[in-house]
Amino acid sequence: MAADFVIEGLKASIEGKEILKGINLKMKGGEIHAIMGPNGTGKSTLASALMGHPKYEVTEGTATLEGEDLLEMAVDERARAGLFLAMQYPSEISGVTNSDFLRSAINSRREEGSEISLIRFIRQMEAKMKELDMNPEFLHRYLNEGFSGGEKKRNEILQMMMLDPKIVILDEIDSGLDIDALKIVADGVNSMRSEDRGFLVITHYQRLLDYITPDYVHVMMQGRIVKSGGPELARRLEADGYEWIKEELGIEDETVGNEA
Ligand SMILES: Nc1ncnc2c1ncn2[C@@H]1O[C@H](COP(=O)(O)OP(=O)(O)OP(=O)(O)O)[C@@H](O)[C@H]1O
Ligand SMILES: [Mg+2]
């Protein structure tokens, strides 16, 4: 059951407003699942709730990774269990360098006494940065501070590569990337594909899925997955938009959280 990730009936609220209204999703190791959907339908909320963001209160349902209950765990425990989120809007942390941040993130996942050596860490980090075509000076910059949009996204992928997670959630990793950077980031993701790792890729655009081929595509509306299919579903959305799904399902307002 390598990297089996199961979400059942997940409901979550923010400030008393229900945003996730019962999410069901099963992922096996090796699989890539894409989540698409119009703005404001709950995609980022799903990512945040899974990661354990304190603002989102899970009111019902379960989420397990390799049979372990994620929802019971604190944020750092979820990370240690193998969950990784590349955020839509990564935060800037002044005073903490990129390398300090990553090294403590790696070491917090290791037993005391078996921390990664500085030399080994730097060597690994430099190799990954080269793969991502990042200037080595980013090692010493404060985390995300003053990074361009594309530099932030590349840095999220660097973290993913260094942390070697079991479940990777990428929230609009393609936003802000130029055409070459998109290719580099996709190569980074593809190089991490393996039987014991699963990916949940949130995106608005087929363009990303040209490079990162999903096994399944899910559409979110009104805080639920309303339709699932294969890669052809994403291509249909690119061509026809979302109106046909709304018509098919009798949905007028696809957003969530704005109900009277
Ligand atoms: N921290 C928050 N405070 C208040 N409202 C929130 C918060 N987080 C999410 N919401 C609301 O929940 C709804 C869903 O937001 P979410 O960010 O999950 O949408 P999304 O599907 O990721 O949209 P997009 O495609 O634009 O990124 C929105 O109406 C949003 O305003
Ligand atoms: Mg979002």
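In which loop is aspartate 133 found? Select it first: aspartate 133 is in the loop between α4 (118-131) and β8 (142-143), where helices (H or I, at least four residues) and strands (E, at least two) are DSSP runs numbered from the N terminus.

Before going on, note that this is a predicted model, in which local features need pLDDT of at least 70, side-chain atom pairs count only at pLDDT 80 or more, and totals for chains, interfaces and linings use all residues. Residues are numbered from 1 along each chain as its sequence is written, while chains are lettered from A and ligands numbered from 1 in the order in which they are written.

Stay with aspartate 133, which has a positive phi of about 55° although it is not a glycine. With 13 other C-beta atoms within 10 Å, aspartate 133 is partly exposed; a residue is buried if 20 or more other C-beta atoms, placed from the backbone, lie within 10 Å of its own, exposed if 12 or fewer, and partly exposed in between.

Next, select asparagine 144, in the loop between β8 and α5 (149-163). Asparagine 144 is not a glycine either, yet has a positive phi of about 65°, and it is buried, with 20 other C-beta atoms within 10 Å.

Move to helix α1 (residues 43-51), where 8 of the 9 residues are buried, among them Lys43 and Leu50. Just after α1, glycine 52 takes a positive phi of about 95°.

Finally, display the open sheet, whose 4 strands run in the order β2-β1-β4-β5 with antiparallel pairing (two strands pair if DSSP finds at least two bridges between them). β2 (17-27) and β5 (68-69) stand at the edges, each with a single partner strand, so one side of each has no neighbour in the sheet.
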